[in-house]
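Dear colleague,

Please find below the structure that I am passing on to you.

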Amino acid sequence: MKTSLVVNIVFLIYVVILIGIGVVAHKRVKKSEDFSAEYWVGGRSFGPWLVAFTWATSWTSGGSFIGTPAIYYTYGWSALLWQAGAGVLGIIGILAIGRRISTIATESNCMTLPDLFMDRYENRLMGLFAALIIIIFGISYMISQYVAAARILEIMTGIPYAIGIILFTIVVGLYTSFGGLRGVAYTNVFQGLIMVGGSIAIAVILVMKVGGLSEITTGLVNLDENLITGNGPDNWLPINTAFSMFFVLGVAVMAQPHVVTRLFSVKDVDTVKKSGVLVAVVTFVWFMSLFVSSIAGRVLIPNIDVPDQIFPVLVIKYAPTILAGIMLSAPFAAVMSTVASLLLSTSSAIIRDIVERNSKESLNEKKLKKYSYITTGVISLVVMGLAINPPNFLQAIVIFAISGFAASFTMPIAVGMFWKDATPAGGLASMIAGFLTMLLLYAFKINNPLGFSPLVWGLFVSLIAIFVASKFTKKSSDEVLERYFGE
């Protein structure tokens, strides 16, 4: 695909704005009296809009504008059932457990997810193990996003893949390293507004082009009646697959460390409630707009060689030039917002949960700043090196990473927050059981036992482990029971 000079100029302006936002955030970091709190959790000062957009954009990735529209385009109305988990459980997560997590995080000065585990379960080994899991799956996830970013640049501007990887590394590394969570949050709001507003505009343009929603449905029926049925073409979404994807795209959201820790940045409990409502509205409008655009695209362009290219093709072909430039920035924005959040969660796992906790001497502010900047930059370079020769099946890597996080962390979070009898040993057993179940199923290529994804089995084993281990091991201390459950 070839894009016009105007489109490329708009994209360049977008990148410059991102770097500028990072510079502004860096000034705030420099002025802060508590570097760690400012860098990792934004000084616990974020309001509803910042929390909502950082939650939503950290959760999504480049696949939201590349792989997801391809699914909608290929399978029609059944894809809504495939996406249902992301629209329901992610929102339930922020509303159901958000207030409890944010309150505990503030009271206990938790800045990372391992912090929360160590505070609830009083288990240093659990904190270390959680940090290692974040590093393993975080780097895996980032590799796929770096590759996606380079491919987007390749399609849009003709920049060679290797150069695209380097440019992406520089841009995202700069504003993340120096801006911390505030830099990520500010850019996420800017990027989120582009993604949502642009998605609505494209949907309206394409619906008008086809002639209305009823004409879209008629067009789909004429192409293939299965495009409007529950299971979709070729029975691609049987009930067990739909059930699995409900958990992969829903439950998984609640246990992503780069998403959950956004709850640590809120300024008060009321912010959590308001941000939960905003997340619900933003994500519903966003994904429905993408869905409508994609099925309209199926009617307008019935056959495309590479379904992953359907969204950029529709934008270039039907959108006004300036809007096309803005919307072609959207997949890049989605990638950058996810990578920036992953970079912070991974570097915090190294600095705070491994280096700082195991250092014989406490690290002063100057050393923390130096180590944090260097670590974030080094991780970015490491991922760049791994992404230069990209592995196959990138979407499989994404599913592997988010499923790994969810299998390891969901039950220790959900059960630990609401069941007072969850013990330190129970929490560790649950985390290890979920993690190993996922790894073993993937290692032996047992992808879907009885038709269910490895994540479903990981969650099941993790749940059993926390209940069984907690029944036979020492209870949590009175202090923890008092702070968490008032007992």
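The notes below go from the overall form to individual residues.

Please bear in mind throughout that this is a predicted model.

Overall form

The secondary structure consists of 20 helices and zero strands. The C-alpha trace spans about 65 × 50 × 45 Å along its principal axes. For 487 residues, a compact globule would have a radius of gyration near 23 Å, and the value of 22 Å found for the protein agrees with this. Buried residues account for 58% of the 487 residues. When contacts between residues at least 6 apart in sequence are considered, 85% of them join residues at least 24 apart. The protein exposes about 19,000 Å², and 67% of that area is supplied by carbon and sulfur atoms.

In soluble globular proteins, nonpolar side chains tend to be buried together. Here the largest nonpolar core holds 157 residues, and the members that touch the most others are Tyr146 and Phe409. Helix 9 contributes the most to this core, with 18 residues. Setting aside its neighbours within four places in sequence, Phe409 is in contact with Leu113, Phe117, Ala130, Ile133, Ile134, Ala255, Pro257 and Met431.

Thr169 and helix 9

Thr169 lies in helix 9, which covers residues 161–210. Is Thr169 buried or exposed? Its relative accessible area is 6%, below the 20% cut-off, so Thr169 counts as buried. The side chain of Thr169 reaches the backbone oxygen of Ile165 at 2.8 Å. Not counting residues up to four places away in sequence, Thr169 touches Tyr146, Leu174, Ser380, Leu381 and Met384.

Helix 1

Helix 1 runs over residues 5–31 and has 27 residues. From its first C-alpha to its last, helix 1 reaches 40 Å, close to the 39 Å expected at 1.5 Å a residue. An α-helix has 3.6 residues a turn, so residues three or four places apart point the same way. The buried residues of helix 1 include Val7, Val10, Tyr14, Leu18, Ile21, Ala25 and Val29.

Leu223 and helix 10

Leu223 is placed in helix 10, residues 213–223. With a relative accessible area of 38%, Leu223 is partly exposed. Apart from neighbours within four places in sequence, Leu223 is in contact with Arg298, Val299 and Pro302. Between Leu223 and Val266 there are 48 Å in space, C-alpha to C-alpha, and the two are 43 residues apart in sequence.

Two residues with positive phi

Most residues other than glycine have a negative phi. Glu122 is not a glycine, yet has a positive phi of about 50 degrees. Glu122 sits in the loop between helix 7 (113–121) and helix 8 (124–157), and at 39% relative accessibility it counts as partly exposed. Leu450, also not a glycine, has a positive phi of about 60 degrees. Leu450 is found in the loop between helix 18 (424–443) and helix 19 (454–471). Because its relative accessibility is 68%, over the 50% cut-off, Leu450 counts as exposed.

Yours sincerely,
A colleague

Notes: Residues are numbered from 1 along each chain as its sequence is written. This is a predicted model: local features need pLDDT of at least 70, side-chain atom pairs count only at pLDDT 80 or more; totals for chains, interfaces and linings use all residues. Side-chain values use heavy atoms; hydrogens and water are left out. Helices (H or I, at least four residues) and strands (E, at least two) are DSSP runs, numbered from the N terminus. Buried means under 20% relative accessible area, exposed over 50%, partly exposed in between (1.4 Å probe, protein chains only). A polar contact is a pair of N or O atoms within 3.5 Å; within protein, one must be able to donate a hydrogen and the other to accept it, and residues adjacent in sequence count only if both atoms are side-chain atoms. Contact means heavy atoms within 4.5 Å. A nonpolar core is a set of buried Ala, Val, Leu, Ile, Met, Phe, Trp, Tyr and Cys residues joined through side-chain atoms within 4.5 Å. The radius of gyration is taken over C-alpha atoms; the globule rule is 2.2 Å times the number of residues to the power 0.38. Accessible areas come from the Shrake-Rupley method with a 1.4 Å probe; for residues, only the protein chains shown count as cover. The expected span of a helix is 1.5 Å times one less than its number of residues.
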